[in-house]
Amino acid sequence: MSSKRSSFTGKIGFVLAAAGSAVGLGNIWRFPYLAAKYGGGIFLLVYIALSVTFGFSLMVAEIAIGRKSGKSAIEAFGSLDKRFSFLGWLAALVPVIILPYYSVIGGWVVKYFFGFVSGSAGAMAQDSYFGNYIGSVWQPLMWFAIFIGLTAVIVLFGVEKGIEKVSKVMMPILILLTAFIAIYTICSMDNAWGGVIYYIKPDFSKFSIMTVVAATGQLFYSMSLAMGIMITFGSYMKKDISIEKSAKQIEIFDTGVAFLAGLMIIPAVYSFSGGDEAALAQKGAGLMFETLPKVFDGMPGGTIIGVAFFFMVFLAALTSSISLMETIVSIFMDKFKLGRKVSCLIVLGISVIIGVPASLGYSAWGEVKVLGMQLLDFFDFASNSVMMPIIAFLTCVFVTFILKPNTVVEEIELSGKFKWKKLYEIVIKYVAPVCILAILASSVLDAFGIVKI
Ligand code: PHE
């Protein structure tokens, strides 16, 4: 994404590039552990309900804002109304916080990929392996440096087209591989079917406001919403491509991959824990890394599958981290009139400053807690549960009162009828702002321990 506004190569090009940004660790690493933690089927149901309402409406609005203004997020709001310039800046801050800790997890993925390549599959299947690994100081830092360094090198050479190409090949393989592992697990492991039921069948007694808080944060994160990324993508989109259809396709891709990832991981954990649901609820960020090596260990040809799988996850993470970094770099280039090289170096520097503590939070700085959270969790919380809801709320206000919902409708109808217009209008004007405020209030009250939800 150089400063001149080029377009994607065609219909599928836009969807693929946006899906390349959307599908990443959020789907494969974050979604399954949240689903396991927040009640399985009920989380899935809330997530899907939110994605067809909130997710859809915000996504079409963001893409339309981008395409109408022809500008990236940081300028788009301000160019449509000066008073909202700050919203562009606020949105731009989110990738700055996410990229570093995203790259820490990306580093874990690279480590596991090389682990499988070098034949350590057996060792990685041991219970204590993951804990020992993230509990060490230098190794995770080194893999983090490799991941962020690689992202920086790719962004340095300016490869917007590259994301499209990589996504085209990676996406189908990732989907097939995930589906294959899920089917294999379900068919071959004891009790796995109970895990499928836990994951798919909503148990309303497990519902709490935190289920909605977690699902909303996950929705923003996974679909790259409320951080200006879809606005930037929209600014590259040609006028004759349907925003509505593209948004639906991106959502289906994104939710489909997340769903399959859950199906691959949750029944397996359920089986390993001997059908203990309470054990699932205690799982955290390490879930994927602890479970999958065990699954692969028991599989014929498991090492090869492990290599292929972690490679695909690595690519998915990389296309996302590239779009995160590209967004920040293009801001430095446009706003501060810096060259690409200098901008990349600055962003790399900021990422190291935030990423190193996020990584050390599991080892040397394990004692450091913010609001009772370990550092990586805190960065995750601050961006997903606080900043993104604020941005999403203000975006709704902006669309409703400044831009007017109809402007978005007109932009969308440039390429045909807007079928879900009514739903979009109701969500953007009423449902989303009210719910988002409620969600924001509960997550903040909960984090400060004022109300235990
Ligand atoms: N949506 C990406 C994921 O699910 C994360 C991401 C967020 C990527 C924001 C780019 C921008 O992994």
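Keep in mind that the model is predicted.

Let's start inside. The largest nonpolar core has 160 residues. Which of them touch the most other members? They are Met288, Phe289, Phe296, Phe309 and Phe310. Take Phe289. Setting aside neighbours within four places in sequence, Phe289 is in contact with Trp29, Ile105, Trp108, Val109, Tyr112, Phe130 and Phe310. Some of these names come back in an aromatic cluster. That one cluster is formed by Trp108, Tyr112, Phe116, Tyr129, Phe130, Phe289, Phe296, Phe309, Phe310 and Tyr362.

Staying with aromatics, the structure holds 35 aromatic pairs. Here is one of them. The ring centres of Phe84 and Phe398 are 5.0 Å apart, and the planes sit at 55°, so the pair counts as tilted. For the angle, the cut-offs are under 30 degrees for stacked and over 60 for edge-to-face. Where are the two partners in the chain? Phe84 is in the loop between helix 4 and helix 5, and Phe398 is in helix 18, 314 residues apart. This pair links distant parts of the chain.

Helix 18 gives us another residue, Leu394. Leu394 has a relative accessible area of 18%, so it counts as buried. Leaving out residues up to four places away in sequence, Leu394 touches Phe84, Phe86, Leu87 and Leu90. Now a distance. Leu394 and Thr303 are 91 residues apart in sequence, and their C-alpha atoms are 48 Å apart in space.

Next, helix 4, residues 73–80. Which residues are buried there? Ala73, Ile74, Ala76, Phe77 and Gly78 are. What do they pack against? Their partners are helix 3 (41–69), helix 5 (85–117), helix 12, helix 16 (302–336) and helix 18 (375–403).

A quick stop at a serine. Ser343 is in helix 17, residues 340–360. Ser343 is buried, because its relative accessible area is 0%. Beyond residues up to four places away in sequence, Ser343 touches Val329, Phe332, Met333 and Leu338.

On to the backbone. Most residues other than glycine have a negative phi. Two residues here go the other way. Ser224 has a phi near 55° and is not a glycine. Ser224 lies in the loop between helix 11 (209–222) and helix 12 (229–235). With a relative accessible area of 5%, Ser224 is buried. Leu371 also has a positive phi, about 50°, and is not a glycine. Where does Leu371 sit? It is in the loop between strand 1 (369–370) and strand 2 (373–374). Leu371 is partly exposed, at 35% relative accessible area.

Together, Leu371, Leu445, Phe448 and Ile450 make a nonpolar patch of about 380 Å². Leu445 is in helix 20, residues 421–447.

Definitions and conventions:
Residues numbered from 1 in each chain as written. Predicted model: local features only at pLDDT ≥ 70, side-chain atom pairs only at ≥ 80, totals over all residues. Heavy atoms only, no water. Patch = residues over 30% accessible without salt bridge, like charges linked within 9 Å, V, L, I, M, F, W, Y side chains within 5 Å. Areas by Shrake-Rupley, 256 points an atom, 1.4 Å probe, with all protein chains shown as cover. Salt bridge = Lys/Arg side-chain N within 4 Å of Asp/Glu carboxyl O. Helix = DSSP H or I, 4+ residues; strand = E, 2+ residues; numbered from the N terminus. Core = buried A, V, L, I, M, F, W, Y, C linked by side-chain atoms within 4.5 Å. Buried < 20%, exposed > 50% of the residue type's maximum accessible area, 1.4 Å probe, protein only. Contact = heavy atoms within 4.5 Å. Phe/Tyr/Trp six-rings, centres within 6.5 Å; stacked < 30°, edge-to-face > 60°.
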